[in-house]
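Please open the model in your viewer and keep the selection panel at hand. The tour below goes from one selection to the next and says what is there.

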Amino acid sequence: MSNCSCSCGTAPKYVVSCSGAADVGEVSDRAARELSRQGKVKMFCLAGIGGRISGMLKSAEAADLLIAIDGCPLGCASKTLEEAGFSGFEQVELHTLGLKKGESPVSQEHINIVIEEATKHITG
Amino acid sequence: MKIQVMGPGCPKCAEAEKNVKEAVAEAGIEAEVIKVSDFQEIASFGVFSTPAVAIDGEVKVVGKAPSKKDVLKWLK
């Protein structure tokens, strides 16, 4: 296995973001991308789940951890996962962190709040 | 029927390919088993980890080698 360059045997950790049109959607998206760049989790395409792309669904099923970041109380990221049959995923809700839709400009400070909260859900 | 076995060629990927081929032989069906090792092509399926198996374009499993029994179920 020493030359194995694939991801066999390693269950990945994924984060999906609502990536909605509002400020909180952008904050969610930016936080997910930054978490992914930091290597803590890998950002996963929520649209692929919503679109029922078989490879995306099976890839998400194979994940060790799945975090949904919801920008507003509508909870679209979480609902998309639930509609696709996923349960037991972690949820980060920006409104519970004091970030309200239309009142939370995209700033590094706000992105950091979300990253900090999401990081609490990442184990191992 | 077209069956694509995705993976770069590690033992688990080889196990997936072996089990698929054995299942196809046992089922007695006509199927083309193709090994896919190019990461761009694997990514085009939306597959993020390997091994993975797709039957006629639909991904059936990701991240583990399916057993022969699993594959036989999919072939039905």
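Is S28(A) buried or exposed? Select S28(A) to begin: its relative accessible area is 0%, and it counts as buried, a class that means under 20% relative accessible area, with exposed being over 50% and partly exposed in between (1.4 Å probe, protein chains only). This is a predicted model, in which local features need pLDDT of at least 70 and side-chain atom pairs count only at pLDDT 80 or more, while totals for chains, interfaces and linings use all residues. Residues are numbered from 1 along each chain as its sequence is written, chains are lettered from A and ligands numbered from 1 in the order in which they are written, and side-chain values use heavy atoms, with hydrogens and water left out.

Staying with S28(A), show helix α1 of chain A, residues 23-38, in which S28(A) lies; helices here are DSSP runs of H or I with at least four residues, strands are runs of E with at least two, and both are numbered from the N terminus. The side chain of S28(A) reaches the backbone oxygen of V24(A) at 2.7 Å. Beyond its neighbours within four places in sequence, S28(A) is in contact (heavy atoms within 4.5 Å) with S17(A), C18(A), I69(A), D70(A), G71(A) and L94(A).

Next, select the cysteines. Over all chains the count of disulfides, meaning pairs of cysteine sulfur atoms within 2.5 Å, comes to zero. C76(A) is partly exposed, at 44% relative accessibility, and its sulfur is 5.8 Å from the closest cysteine sulfur, that of C72(A), which is too far for a bond. C13(B) is in no disulfide either, the nearest cysteine sulfur being that of C10(B), 3.1 Å away; at 0% relative accessibility, C13(B) counts as buried.

Finally, select the contact between the two chains, which takes 19 residues from chain A and 19 residues from chain B. Chain A and chain B bury about 1300 Å² between them, 67% of it on carbon and sulfur atoms; buried area is the accessible area (1.4 Å probe) that two parts lose on being put together, summed over both. On the side of chain A that touches chain B, β2 (42-43) and α3 (54-61) of chain A each supply at least two residues, and α3(A) gives the most, with five residues.

Notes
Polar contact = N/O pair within 3.5 Å; in protein donor to acceptor, adjacent residues only side chain to side chain.
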